[in-house]
Amino acid sequence: MLSLKQRGANAAVTVVHSAVPNIADYTRRADILIAAVGLPSFVMPEMVKPGAVVISGGISWEGKKLLPDVDESVGEVAGWITARLGGVGPTTVALLLRNAVECAEKRAAAKA
């Protein structure tokens, strides 16, 4: 979605995976960093450009303990950061609910 060619989009999107040896060289250049790795505390402060937006989208489990991909200390470097646990989950739920309400309103208006 970030790379869509339309007004308000057109981002240069780079995708790297956890096995890239110099991954921090890529992540430090990002204005928006989306982590979905599935490795606990994979993203550390030295991997983040100061002031960048960091979106924590990945989790892993250690027994019954839920662990985020983005270390808590990244919040000291980032300009904005999602909650590390439940990062994009609450946002997704809120947007799904908003879309459901909009659909219901359109359907009700069409029947009127």
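Colleague: Which strand does β1 pair with in the parallel sense over 4 bridges?

Modeller: First, a caveat: this is a predicted model, where local features need pLDDT of at least 70 and side-chain atom pairs count only at pLDDT 80 or more, while totals for chains, interfaces and linings use all residues. Residues are numbered from 1 along each chain as its sequence is written, and side-chain values use heavy atoms, with hydrogens and water left out. Strands here are DSSP runs (E, at least two residues; helices are H or I, at least four), numbered from the N terminus, and two strands pair if DSSP finds at least two bridges between them. With 4 parallel bridges, the partner of β1 is β2, residues 53-56.

Colleague: And in β2, what is the bridge partner of Ile34?

Modeller: Strands of a sheet pair through backbone hydrogen bonds, either parallel or antiparallel. In β2, the residue bridged to Ile34 is Ile55.

Colleague: Which strands stand at the edges of the open sheet?

Modeller: The open sheet has 3 strands in the order β1-β2-β5, paired in parallel. Two of them have a single partner strand each, so one side of each lacks a neighbour in the sheet. Those edge strands are β1 (32-35) and β5.

Colleague: Which residue in the turn of the β3 and β4 hairpin has a positive phi?

Modeller: β3 (residues 59-62) and β4 (residues 65-68) run antiparallel and are joined by 4 bridges. Glu62 has Lys65 as its bridge partner in β4. The hairpin has 2 residues between its strands, and the one with a positive phi, about 65°, is Gly63.

Colleague: Is Thr82 buried or exposed?

Modeller: Thr82 is in the loop between β5 (80-81) and α2 (89-111). Its side chain reaches the backbone nitrogen of Ser56 at 2.9 Å. Buried means under 20% relative accessible area, exposed over 50% and partly exposed in between (1.4 Å probe, protein chains only). At 7%, Thr82 is buried.

Colleague: How many residues apart are Asp31 and Lys49?

Modeller: Asp31 and Lys49 form a salt bridge with their closest N and O atoms 2.6 Å apart; the term means a side-chain nitrogen of Lys or Arg within 4 Å of a carboxyl oxygen of Asp or Glu. The pair links distant parts of the chain, with Asp31 in the loop between α1 (23-27) and β1, Lys49 in the loop between β1 and β2, and a separation of 18 residues.

Colleague: Why are Arg98 and Glu102 separated by about one helical turn?

Modeller: Their side chains meet in a salt bridge at 3.8 Å, N to O. Arg98 is partly exposed at 48%, and Glu102 is partly exposed at 35%. The separation is about one turn because within helix α2 they are 4 residues apart.

Colleague: Which element gives the most to the lining of the largest pocket?

Modeller: The lining here divides into 18 nonpolar, 4 polar and 2 charged residues, where Ala, Val, Leu, Ile, Met, Phe, Trp, Tyr, Cys and Pro count as nonpolar, Asp, Glu, Lys and Arg as charged, and the others, Gly among them, as polar. With 4 residues, the top contributor is β1.

Notes: A polar contact is a pair of N or O atoms within 3.5 Å; within protein, one must be able to donate a hydrogen and the other to accept it, and residues adjacent in sequence count only if both atoms are side-chain atoms.
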